[in-house]
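Subject: Structure for you to look at

Hello,

Here is the structure I said I would pass on. Please open it beside this email; my notes follow below.

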Amino acid sequence: MNIGIIGAGHVGLVTGACFADLGNRVVMADRDHKKIAMLKRRQMPFFEPGLEELVHRGVASKRLTFVPTTREVVTGSTLIFLCVGTPPRSSGEADLTAVEDVTREIAQAMRSYRLIVEKSTVPVETGEWIKRTCRLAIRRGVPFDVASNPEFLREGSAIQDFLHPDRIVLGVETKRAQALLTELYKPLHAPVLVTDIKSAELIKHASNSFLAVKVSFINSVAEICDTVGADVVKVAEGMGFDKRIGRSFLDAGVGYGGSCFPKDVSAFIRIAEKHGHNFQLLKAAAAVNEAQRKRFVKRIAQTLWNLNNKTVGVLGLAFKPNTDDLREAPSIDIIRMLEEEGAKVRVFDPKAMAQADGFFPEVTFCRNPYEVARGADCLAVVTEWNEFKELDFSRIKKLMRQPVIVDGRNMYDPASIRRLGFRYVGMGKGDALE
Ligand code: UGA
């Protein structure tokens with residue numbers, strides 16, 4: 001099929017590369033011309049495992065091309081996916097300016113039937129606005145459909161998630177739109193839910209918000225575990241056996257970050273407010289998440305007595321492993337708070353160091369975890385990268401000023417770490433005051 005994609009961010013680029021790999025002809029544009037120029041030179045604008053190879057393959061086969069304008073995308077594509085950013089406004093509401101601008105550009109360039117598909121995460125009723133905007137801008141008599149096809153891929157496992165989704169949601173209004181999208185997704189053999197556009201839009205916000213609530217729930221349980229001396233990992237395991245609950249997204253730690261959960265929770269709260277509903281549950285989840293970062297710093301302070309003049313070695317900057325994304329990363333607040341308390345910070349992240357350039361003027365950037373440990377009073381784990389799992393702890397211990405680990409992701413086995421002579425403190429492991 002002939003597919004157009006507007007927006008070469010995480011969702012757009014993965015979608016484009018995967019559709020091209022499945023045999024479709026994909027044309028992509030982004031208003032960031034530097035990004036398009038980079039992609040044309042086969043350079044990736046961000047890190048995502050496996051994406052570079054997929055993009056190279058698409059470009060080499062000529063099934064994936066990058067063009068500078070929306071008009072060029074519209075000319076040769078029957079389905080056009082909107083994958084532009086919907087960043088938060090200061091009020092928490094999603095900023096839909098890019099969606100509106102691109103919709104108008106698409107409508108003005110259309111000369112025959114096109115299906116415009118929302119893939120960006122948008123608030124409910126955006127589809128209505130897209131239709132209204134199209135009708136005003138389009139040439140008389142040119143037919144079109146609008147559909148909502150939310151994307152559920154995660155950064156760090158985006159390609160796997162895209163190609164093996166738990167479900168595909170198609171919010172459509174006509175048989176023609178449904179047929180086109182069903183045909184496109186056929187090779188994935190995934191369960192398909194066909195619904196109206198508004199329900200599809202809500203499914204995306206509700207799913208992300210629900211997962212965020214799950215994370216905040218377990219973080220609240222973790223706090224109780226710390227007070228009474230229980231182990232949150234065991235509690236999560238015990239809860240997870242119940243099929244109605246499930247084990248995933250019950251990992252306690254420094255809280256959620258990234259470009260999706262914080263933004264989508266805020267946007268969903270605002271949409272609810274707009275429609276007269278006070279979404280207290282989500283407000284509480286957001287508040288717990290914010291508190292979690294403070295709690296982690298407090299945990300470090302409790303362990304080290306005074307933070308002033310101490311050196312804290314931070315392992316991990318990215319909001320989660322396998323990405324270089326620092327958007328809303330817990331590390332940002334954590335490092336800021338540590339510095340405010342007078343601590344010196346050393347840091348290493350396998351992928352996000354370049355993104356962090358200029359973010360933390362006072363921080364010492366290190367080349368590996370061992371350099372981070374040199375002279376540190378404490379190692380603070382903020383991102384659970386695989387390569388932090390198997391460190392040479394005897395070497396680390398010798399390098400540190402005091403052998404202390406505060407594990408913000410419950411990555412290590414406390415007993416083994418303690419056997420090596422470290423003071424170990426996790427999150428919700430019941431050991432905070434030991
Ligand atoms: C999330 C959703 O999981 C995707 O389904 C969705 O498509 C995406 O947002 C989006 O809207 O684009 P992502 O933000 O890439 O994906 O990352 P997640 O794996 O969901 O993690 C989000 C945050 O929650 C991370 O900071 C992670 O460390 C944290 N988290 C996750 C926990 O603290 N505990 C958990 O048990 C799980």
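The surface first: the chain exposes about 19,600 Å², and carbon and sulfur atoms supply 52% of that. Keep in mind that this is a predicted model.

Of the 434 residues in the chain, 56% are buried. The chain has 16 helices and 14 strands. Its radius of gyration is 23 Å, close to the 22 Å that the globule rule gives for 434 residues, so the chain is as compact as a globular protein of that length. Taken along the principal axes, the C-alpha atoms fill a box of roughly 75 × 50 × 40 Å. As for contacts between residues at least 6 apart in sequence, 72% join residues at least 24 apart.

Now the ligand. There are 20 residues around it, and those that come nearest are Phe152, Leu153, Glu155, Lys204 and Asn208. By class, the shell consists of nine nonpolar, eight charged and three polar residues.

Taken alone, the ligand exposes 710 Å², of which the protein buries 92%. Helix H9 (197–228) and helix H11 (261–274) are the elements that give two or more residues to the shell. The largest share, three residues, comes from H9.

Regards

Conventions
Residues are numbered from 1 along each chain as its sequence is written. This is a predicted model: local features need pLDDT of at least 70, side-chain atom pairs count only at pLDDT 80 or more; totals for chains, interfaces and linings use all residues. Side-chain values use heavy atoms; hydrogens and water are left out. A residue is near a molecule or strand if one of its heavy atoms lies within 4 Å of it. Accessible areas come from the Shrake-Rupley method with a 1.4 Å probe; for residues, only the protein chains shown count as cover. Helices (H or I, at least four residues) and strands (E, at least two) are DSSP runs, numbered from the N terminus. Ala, Val, Leu, Ile, Met, Phe, Trp, Tyr, Cys and Pro count as nonpolar, Asp, Glu, Lys and Arg as charged, and the others, Gly among them, as polar. The radius of gyration is taken over C-alpha atoms; the globule rule is 2.2 Å times the number of residues to the power 0.38. Buried means under 20% relative accessible area, exposed over 50%, partly exposed in between (1.4 Å probe, protein chains only). Contact means heavy atoms within 4.5 Å.
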